[in-house]
Amino acid sequence: MNLPAFLSPDRHADRVVPPSGFTARLTAFSAGAMAFLAVFALALSMASGRLADRWSTALAGTATIRISAPSTQMEAQVAAVLALLQTTPGIASARAIDAAEQQALLEPWFGPDLPVDTLPLPRLVELTETAEGYDSEGLRQRLAAEAPGAVLDDHTRWREPLAKAAARLRLLGLLSLVLIAGATGAMITLAANAALAANLPVIRVLRLVGAKDGYIVRAFVRRFTLRALGGAGLGTLLAMGGVALLPQVDEAGGFLTGLGFQGSGWLLPLVLPPLAALVAFAATRYAAFRTLKGLT
Amino acid sequence: MIVFENVAYNYGGGELLSEVTLKLAPGSFHFLTGPSGSGKTTLLKLAYAELRPTSGRVTLFDRDLRSLSRDDVAMARRRIGVVHQDCQFLDHLPLATNVLLPLTVANRPTDPRNLTDLLTWVGLGSLSDALPPQLSGGERQRAALARAIIMDPDVILADEPTGNLDWDMSLRLLTLLVELNRLGKTILIATHDLNLIRQAKAQVAARVLRIKNRRLQLAGADL
C-alpha cells in the first residue's frame, strides 16, 4: 500500500467498512489525549534543555576563592592570592570583594544590621577565566603553598549536578514522548483489533467476492489513521493553547513559568498530529494484516 | 476450470473427503448431492480455496492451489461466483451496492443499466435500495446469485441455494442457473433436494455426483 494510493480517497472502499462509532471515537480520543500529554512532555523537555544551557552558561567562566585567616594575616593573604592570580595562565581578571559588597550579599539572610566588621567572615576573591580556562588543580596546589587559608571554589561542584539534572529532565521528557507514542500505538492497535473482530463477517464477504488483502487493510487503516490525525490535531491545539496561557517568565520567574515554547519552537508540536497518524497507520496495518492472515 | 486430483480433506476429527477426483469442464453443469454432513460444503470450499486439501491437488484455472498467494486466490475468486445457503451481505449497504461489491473491490467500472437489468432478471428490480436485513430468504438467495454473476464469472458454485426457499422460488432460481449455463457458465450446485435435481435434468444435461463414504461417485438411476 503506497502513500499516494492511501491518501487518495476511495469512497467505495471507505464505505465497505460499517461505521464503527465506538472504536473510531476511542481512537480519536486516545490520539487526542496522548497528543495533549505529548505537547507538555515536549514543552518540559525543551524547557529543561534551555535551563541546562542557561545554568551552564551563567555559571561557567567564573570562580571564587574563599580566604579564612586570622585578621592579622587576612590582608596579606588576600594580596598574595591576587598576586598569584595575576601570574596564573587562564585567568582574565581577579578582584577582592570589599566589605560593603559582602554585606550586601549577606543582607538577604541576616538583615541590614549585620556587623560585618566584628564577625570573623572569610574574604572572597572573584576571578574570571579566559576562554582557554585555567588548571584548577594546579591553582589549588599553588594556593595551598602560598596562601594556606585560601580555598578555590570553581562552581563545578554544584554547577555540574544542576546541569546534569536539567539534561536528564530533558531526556525524561523525550522518553515520555516515546512512551506516549508507544501507548498511542497500543491503544489504537486494541481499537483496531476490536473493530476488525466486530467486522469479521464483512471481511469474509469481501474476501469471498475477490477483495485483495490490500483493499481490505486500506479501508480500515485509512479510517483509523484519519481519526488519529483528527484527534491528535485537536489535542495538540488544546495543549498549545494551555501552554500559551502559562504565566510569563517576567511576571513570576522560575522554572515552571519558563515551560512554554519559544520562537520557532512553537512549530515543533505541529509534528505531533502527523506522528500520531503515522503510529495509527502502522498499528492498524499490523493489526489488519495479522487478522487477515487467520482468514482464507 | 477446476480440477480435483485424489483430494482428501481432514477436519481433525477424521477424514471427511477421500480420493476425490473431479473435473469441472467449461460449460458443464453438475449437481453434488449426499446426506447432511457428507462433505458437500467442504468440497465447494475447496473449489473456491476457502479450504486447502489435506492431500491431493486442487487446480484452479490451471494453477495448483498450493502455489497461489493470497492475492492470487482473490484473483481466482473473481472468476468464481459463490452462492451460499446463508448468504452474507454487508448489512449497512443497500442491495445494489452489495450486488456491485465484486466490481467495487476489483476496481472495475459499473454500468447502472447493467445493474438494473441484472436486478430485474433476478426479480429484484424494485428492491435496489433495500438493505439486506429487509429482504426475505428468497430475495437474499437471488441477490446472492446476482452478486455472484455480476463479474461475469466462469464458474458458479452454489451451496444449497434453495435451502430456504419454497418450491416455486426454488424452480425460479434453478431456471436462472440453467439460463446461465446456457450462456456458457460452469455450474456446480450442492443440494440434497432430489426433486430439484430431477427437475433440472429435464432442462439441462447435468451430471449428478454423490458423496458416499467420503468418496465422490457418479450417481446413477437410483436418484
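Predicted model: local features only at pLDDT ≥ 70, side-chain atom pairs only at ≥ 80, totals over all residues.
**The interface**

Start with the head count: 24 residues of chain B are in contact with 22 residues of chain A. Between them the two chains bury about 2,000 Å², and 60% of that sits on carbon and sulfur atoms. On the chain B side, the residues that lose the most area to chain A are Arg70(B), Arg77(B) and Val105(B), which together make up 31% of what that side buries.

As for specific pairings, the table has the tallies.

| Between chain B and chain A | Count |
|---|---|
| Salt bridges | 1 salt bridge |
| Polar contacts, both residues at pLDDT 80 or more | 6 residue pairs |

The salt bridge joins the side chains of Arg70(B) and Asp213(A), at 2.5 Å from N to O. So which elements of chain B give two or more residues to the side that touches chain A? They are helix 2 (70-77) and helix 3 (95-105) of chain B. Helix 2 of chain B gives the most, with 6 residues. Sorted by class, the side of chain B that touches chain A holds 13 nonpolar, 5 polar and 6 charged residues.

**A loop residue in chain B**

Now over to Ala205(B), found in the loop between helix 7 (194-201) and strand 9 (207-212) of chain B. Is Ala205(B) buried or exposed? Ala205(B) counts as exposed because its relative accessible area is 73%, and the cut-off for exposed is over 50%. Ala205(B) and Phe29(B) are 176 residues apart in sequence, yet their C-alpha atoms are 7.0 Å apart in space.

Terms used: Residues numbered from 1 in each chain as written. Chains lettered and ligands numbered in written order. Heavy atoms only, no water. Contact = heavy atoms within 4.5 Å. Buried area = accessible area lost by both parts, 1.4 Å probe. Salt bridge = Lys/Arg side-chain N within 4 Å of Asp/Glu carboxyl O. Polar contact = N/O pair within 3.5 Å; in protein donor to acceptor, adjacent residues only side chain to side chain. Helix = DSSP H or I, 4+ residues; strand = E, 2+ residues; numbered from the N terminus. Nonpolar A, V, L, I, M, F, W, Y, C, P; charged D, E, K, R; others polar. Buried < 20%, exposed > 50% of the residue type's maximum accessible area, 1.4 Å probe, protein only.
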